[in-house]
Amino acid sequence: MKYKRLGALLCALLFLTGCSWFIRQGDNTIAILARNAQQDPAEQQRVEALQERLGAAGYTVQVFDARDDQAAQIGQLEKALQENCVGVVMQPVMLSAAPQLVDMAKTADAPLIFTGRPVEEETLQLWDKLGYVGADPEQPGIQQGSILAALPDKGDINGDGMLSYILIWDMAEYADTQLHTASVFTALTDAQVVLMQLGISSAEGDREKAREGCATLLSEYGKDIEAVICSNDEMALGALEAITEGGRTVGENVYLLGVGGGQEALQAVTDGNMTGTVQENTNDLTNHILQLLRQLVEGEAEQRSFEIPCIPVTR
């Protein structure tokens, strides 16, 4: 009896500490490396959906979160590869690190699928066990523009013949941020909406920074602001706080848009506190990743890059 209890205790301790012994025995572990799921509800939702889908397919799943630290993510990938995972799904913190990440996975012969920010075609050519599944960064912007253009007043609340807006965006140097922003304007221009940009605030994806930036712009431009366009839902929720504190009401005298489709943002849309948001088709994302992962693990994949659609969400 004493030995049985000791064995049970040892097994429990090994499980709780995440001992790699179990991983090495299974040969079916997939590592998911998030960019910053802790602070990005949309990414957290994506990770959870993928974790559930891979688990249902019989894989053991190990999740890491880099919290926007590229050096930490490299260390996490090294750890996952040392523990003999059979494949990796990751959203890199910085696309510039992609070649190094690919080289690490290639050395360990562990198929790697990037998601989130699109990787360059030349990066995909680095290895035949490398893939990409994600949304075109222009699509969320096009959908945001379409949401505004579909409003009865096309965003022109004060009726002066133009849509005056402020932009709360992520890091300006991110290529996907630039593509997203340009596509919002393209969609509105195509809908024959005259635009007037009043101001921009770089909030780096952070809710509090978005609240502060939006509050500053609201105090500067006041009621001239008809729309607040944000690059993600976290920033939109921060902007919502500033809008409410400033005595404005979404849907009545200002419009607010985000990107991501996290639960809190979806609830804000339902409650009328956000005009709309845009989310990835998570079902398509997880299905494509699972299919591609199996092909890369088992052999060669005919297609290694998949673009998934984005879905506009309004009340």
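Helices here are DSSP runs of H or I with at least four residues, strands are runs of E with at least two, and both are numbered from the N terminus. Asp233 sits in one of them, helix 10 (residues 233–245). Bear in mind that this is a predicted model, where local features need pLDDT of at least 70, side-chain atom pairs count only at pLDDT 80 or more, and totals for chains, interfaces and linings use all residues. Residues are numbered from 1 along each chain as its sequence is written, and side-chain values use heavy atoms, with hydrogens and water left out.

The Asp233 side chain does reach the backbone nitrogen of Gly261, at 2.6 Å. Leaving aside neighbours within four places in sequence, Asp233 is in contact (heavy atoms within 4.5 Å) with residues including Gly258, Gly262, Met274 and Thr277.

Gln70 is found in helix 4 (residues 70–82). The side chain of Gln70 makes a polar contact with that of Gln73 at 3.1 Å. Such a contact is a pair of N or O atoms within 3.5 Å; within protein, one must be able to donate a hydrogen and the other to accept it, and residues adjacent in sequence count only if both atoms are side-chain atoms. Not counting residues up to four places away in sequence, Gln70 touches Pro92, Val93, Met94, Ala97 and Leu101.

Next, the rings: the count comes to 1 aromatic pair. Tyr165 and Phe185 form this tilted pair, 5.3 Å centre to centre with 35° between the planes. Rings of Phe, Tyr and Trp (its six-membered ring) pair if their centres lie within 6.5 Å; planes under 30 degrees apart count as stacked, over 60 as edge-to-face and the rest as tilted. Tyr165 is in strand 6 (residues 163–169) and Phe185 in helix 8 (residues 175–190), so the pair ties together parts 20 residues apart in sequence.

As for disulfides (cysteine sulfur atoms within 2.5 Å), the structure holds 0. The sulfur of Cys230 is 6.8 Å from the closest cysteine sulfur, in Cys214, which is too far for a bond.

Some buried residues:

| Residue | Relative accessibility |
|---|---|
| Tyr165 | 4% |
| Phe185 | 19% |
| Cys85 | 8% |
| Cys230 | 0% |
| Gln70 | 10% |

Methods
Buried means under 20% relative accessible area, exposed over 50%, partly exposed in between (1.4 Å probe, protein chains only).
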